Amino acid sequence: MSAPVIFDRSREEIEEEANGDIFDIEIGVSDPEKVGDGMNAYMAYRVTTKTSLSMFSKSEFSVKRRFSDFLGLHSKLASKYLHVGYIVPPAPEKSIVGMTKVKVGKEDSSSTEFVEKRRAALERYLQRTVKHPTLLQDPDLRQFLESSELPRAVNTQALSGAGILRMVNKAADAVNKMTIKMNESDAWFEEKQQQFENLDQQLRKLHVSVEALVCHRKELSANTAAFAKSAAMLGNSEDHTALSRALSQLAEVEEKIDQLHQEQAFADFYMFSELLSDYIRLIAAVKGVFDHRMKCWQKWEDAQITLLKKREAEAKMMVANKPDKIQQAKNEIREWEAKVQQGERDFEQISKTIRKEVGRFEKERVKDFKTVIIKYLESLVQTQQQLIKYWEAFLPEAKAIA
Amino acid sequence: METYAEAGKEGKPSCASVDLQGDSSLQVEISDAVSERDKVKFTVQTKSCLPHFAQTEFSVVRQHEEFIWLHDAYVENEEYAGLIIPPAPPKPDFEASREKLQKLGEGDSSVTREEFAKMKQELEAEYLAIFKKTVAMHEVFLQRLAAHPTLRRDHNFFVFLEYGQDLSVRGKNRKELLGVFLRNIVKSADEALITGMSGLKEVDDFFEHERTFLLEYHTRIRDACLRADRVMRAHKCLADDYIPISAALSSLGTQEVNQLRTSFLKLAELFERLRKLEGRVASDEDLKLSDMLRYYMRDSQAAKDLLYRRLRALADYENANKALDKARTRNREVRPAESHQQLCCQRFERLSDSAKQELMDFKSRRVSSFRKNLIELAELELKHAKASTLILRNTLVALKGEP
């Protein structure tokens, strides 16, 4: 049913796997704190690192960072590593509406929800970033985690996660429009790209459905709470004592169940829905990396074409017998031969890097999904266990109606 | 076309669970029902050894309007003024369900064939559930009448049960609609009576208590019923959400080439089974809670109507007293005034006695019905929660067990 994938494993890949991933580093993002007032206000988050890795001076340390700092970190990493084939995890989305509410000082549940959603997203972002062996070595990342003062990131508008996504998508569109007839010597890349395309589509579909689930569970919770109140009122009216008591108990059970639904909706969202949206954005980064490879190939190809032209020009000069122009042509030929060689080296390098990266990415993805799925199912079990407890407590009350 | 008999009688909703003393001298049931476009045709089957009937076992076909006609006949009958008239069954309403099925048929190309099949299945089950409910409500109406020592002897009831032709009462004509309109005006006057605004003095503590109780109870049970409906619908929505989730997981699973393949496929299966369980939770809440609350909302209205009638009789009695005093002071037409006053007095006392009994029966009926349904609700919720836990745990074991 599914196309067989020939995963060509290079020696380096096997080596890396054999070493095992002993990443002893844990990042926590906590304690969101509003700093300042009005439209210049911002949220500061505490970033805590716990590690036994020797590259860090301490084993446990924390710093205060604001959202634009995270965006700045991502933009630095992206500019260094994306175009050579590394899958750099995207930063969380900017949100004008959400942030404005917080700035304006609305202390309501929707702004606390927004801040919590962002906090969790920032945490996941950093954890994914440090899990990447190459990025972990980067000095900018270490500075982000360690230094107490960080130069403020500017121009984060264009470089937010959404901004990068837009750029990547535009690049992808442009590439597609050019219909680069890339001489794909390696079927692996084509197959992988198709795989990721399919995965992207399916994840988006699933994400939409899970968002609907979250919404409806919240509705169920609200309706249950309303029913609990009216059951309590009914119990108050009821003039048969035992039935009145049972109805009040029913109201209490329903109130507890409302709480349960709220907690489950929370789990639905933070475990299931956010995992999906994280991966939808990660896959965009993967697609971007494949596009960079195409661009790299194009550059190499262009250099080869130019070299050919330069050789033709030289031949013409030879015929026309213009000695100074011939020398110039020979220089240009040498220049472009070097460029062709560089182009080939770059292309081979990026292809190698991408293979390694995709292997690592897929391993992470499997682990990630399995862990979250298990956690999510355990939350569902928890909910059912509680329901059993509540109804078991209620049953004798109902039977006591005489 | 949907026949009730085909649908099977197991799982017939016993929403009212009326405590019908197993009196076998008159047994009424709806043995079959057919849904045709706009109307439902109920086959009313009677088994009786009463001498009045020509046969011991017979059936007739009736439609909703004929039930309403029977109900109204009871309400308008002075003889039954002191009784709680069982509430009329609600009109069969398949509109919403039919609309949904139609919308599904119009098609949404983004839906896979399996998803479509499941959604269709769900909607058909919904349609069937509504159908079963309407049959149950019509049946319980007749069964309460058959169980009541006085109401069962009504001539119109016999006609309803036995007369082979249709009763030509389909569709209210203009005169009847006017009658309904006038009756509603009278009802507002009754509201004034019952809420004590007319200044009528209640003489009996029992009825004073019942009046305050019923007024508040009816409002609150109506509220509770509406909100229970919303809970049930939200639950149903949730269950339906699992359909696209399961389908998407299934697609993901078939596409994967790594260990996630089995994980996604198992998860898809899990959600499909959870969906069915959530659906059952929703329908049980509907039957055991919503429907019960709805029935007692109507029954408490019928009890309120009884109180109106009694208060009207009291008002008549008081007016007769005043008229008698006037006649005596003027010493004119004393005899007719006396006999009128006596008539009113007797009527009022007769109504009060019978109403007292009826209201006590109403209470015990209500208590036993709530008890039965709340117990069944709790037991079913437990059953479903345990089943859910089991399939969740099994899936977890399978997922954790993999490398």
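Author: In chain A, 77% of the contacts between residues at least 6 apart in sequence join residues at least 24 apart, a contact being heavy atoms within 4.5 Å. The model is predicted, so local features need pLDDT of at least 70 and side-chain atom pairs pLDDT 80 or more, while totals for chains, interfaces and linings use all residues. Residues are numbered from 1 along each chain as written, chains are lettered from A and ligands numbered from 1 in written order, and side-chain values use heavy atoms, without hydrogens or water.

Chain A has 11 helices and 3 strands, which are DSSP runs numbered from the N terminus (helices H or I, at least four residues; strands E, at least two). Of its 402 residues, 50% are buried, meaning under 20% relative accessible area with a 1.4 Å probe and protein chains only; over 50% is exposed, and in between is partly exposed.

Now to the part itself, in chain B. Strand E2 (residues 26-36) of chain B runs antiparallel to strand E3 (residues 39-48) of chain B, with 10 bridges between them; pairing takes at least two DSSP bridges. B:Glu29 sits opposite B:Gln45 in E3(B).

As for cysteines, B:Cys49 is exposed at 58% relative accessible area. B:Cys345 is in no disulfide, with the nearest cysteine sulfur, on B:Cys344, 8.7 Å away; a disulfide needs two cysteine sulfur atoms within 2.5 Å. B:Cys345 is buried, at 16% relative accessibility. Over all chains, the disulfide count is 0.
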